[in-house]
Amino acid sequence: MAAVLVQSLNHFLEQEIRVGSFPGAGYAIGSTRALEHENALGNAVAVPLRLAATPDTIYDCASLTKVLVTTILVLQAVAEKRIALDDEYRGYTYRELLTHTSGLRAWLPLYALSEEGGRPVRPGGGRDVRPLYVRAIEERGPEHPRGSQAVYSDLNFVLLYHALHEIFGDYVSAARERIFAPLGLRDAMFNPPASLRPRIAATEWGQRFEFGMCASRSIAFHGFRQGLMWGETNDGNSFHAGGTCGNAGLFATARDVFRIAQAFACGELVPPALVEESTRVHAGDRGLGWQISELGYGHNGFTGTSLWIDGERISVLLTNRVHPCAAPIAMQRIRSTFHGMKT
């Protein structure tokens with residue numbers, strides 16, 4: 001990789017760190033043939049202490065989970081003829097859920113709608129919240145007629161998560177056995193152990209962003225997190241479901257995100273015909289899971305993560321832009337500039 005590109009990438013990210021766009025960042029750049037360069041800048045944790053970001057820093061990948069795990073598992077089920085894309089699950093086809101054309105609204109705090117007797121759903125409480133989440137989606141989720149438009153929605157992938165539980169027995173185990181282990185990934189996981197915290201980038205201090213989203217919808221909840229989210233998924237629906245519900249929850253380094261993307265693009269994880277089907281436009285700018293443009297395909301994550309595949313070129317940017325608070329920044333500009341840099 002040309003030294004001038006690496007210099008430009010580093011300079012650009014250093015500038016964004018300096019002006020406060022995010023405390024730190026890690027990236028991995030290469031092709032479908034090889035990882036060519038990785039680096040880290042700034043801090044993985046800025047408050048209450050400072051820990052420098054390194055190429056080994058593990059980030060909360062947020063919605064990259066949708067394409068790097070959930071979409072791949074669904075396509076594997078299709079390849080194995082366990083399901084077909086136009087089969088229905090809970091009244092929606094897998095194609096509708098993957099392309100965000102189900103008509104479900106963009107977001108709901110399923111943990112709040114599943115609350116009973118003022119007691120919040122908590123992970124590790126011995127309570128299976130999956131039926132409660134599905135019921136909340138069925139009762140409160142529909143907003144538009146099925147197939148009428150593409151509306152990006154977490155709820156689509158929560159339903160896919162439940163479907164994958166039924167298909168494979170356990171979503172997290174399927175991810176580990178079908179994606180992470182075959183690729184030899186050491187740093188891609190759900191619910192990272194506490195021993196890895198020194199290597200994990202922190203996110204919000206308190207669940208303030210989702211508190212505001214609930215308040216704007218006049219939805220009350222008594223269990224918002226107050227402390228630093230560090231080593232636990234930032235996404236509330238995934239956290240209260242025990243670490244993931246298919247829309248978020250993946251933790252990984254930039255190099256491991258790169259490797260999953262590379263394996264997908266090369267047809268290692270799903271047959272090439274399904275890779276092609278997944279990465280063509282189905283509705284609006286949506287493929288099967290992926291966001292599509294004339295320049296390629298990719299996906300973003302709320303915590304400041306992004307992945308883009310342009311022909312043979314793959315670029316991964318992981319930041320903790322929500323640390324210590326999810327302040328509005330020009331993240332779309334930052335992503336567009338980063339992923340558009342070429343030799």
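**Strands, a hairpin and a buried asparagine**

Biologist: How many bridges join strand β8 (residues 291-293) to β9?
Modeller: The two strands run antiparallel. They pair (DSSP finds at least two bridges between them), and strands are DSSP runs of E, at least two residues, numbered from the N terminus. The bridges joining β8 to β9 number 3.

Biologist: What is the average pLDDT of the protein chain?
Modeller: This is a predicted model, where local features need pLDDT of at least 70, side-chain atom pairs count only at pLDDT 80 or more, and totals for chains, interfaces and linings use all residues. Residues are numbered from 1 along each chain as its sequence is written, and side-chain values use heavy atoms, without hydrogens and water. pLDDT is the predictor's confidence in each residue, from 0 to 100. At least 70 is reached by 96% of the residues, and the chain average is 95.

Biologist: Which residue of β10 is the bridge partner of Tyr297?
Modeller: β9 and strand β10 (residues 305-310) pair in the antiparallel sense over 5 bridges. They form a hairpin with 3 residues between them. In β10, Tyr297 partners Ile309.

Biologist: Why is strand β9 (residues 296-301) largely enclosed by the rest of the structure?
Modeller: Buried means under 20% relative accessible area, exposed over 50%, partly exposed in between (1.4 Å probe, protein chains only). β9 is largely enclosed because, of its 6 residues, the number buried is 5.

Biologist: What is the relative accessible area of Asn43?
Modeller: Asn43 sits in strand β2 (residues 35-45). Its contacts (heavy atoms within 4.5 Å), not counting residues up to four places away in sequence, include Pro23, Arg50 and Asn320. Asn43 is buried, because its relative accessible area is 18%.

Methods. Helices (H or I, at least four residues) and strands (E, at least two) are DSSP runs, numbered from the N terminus.
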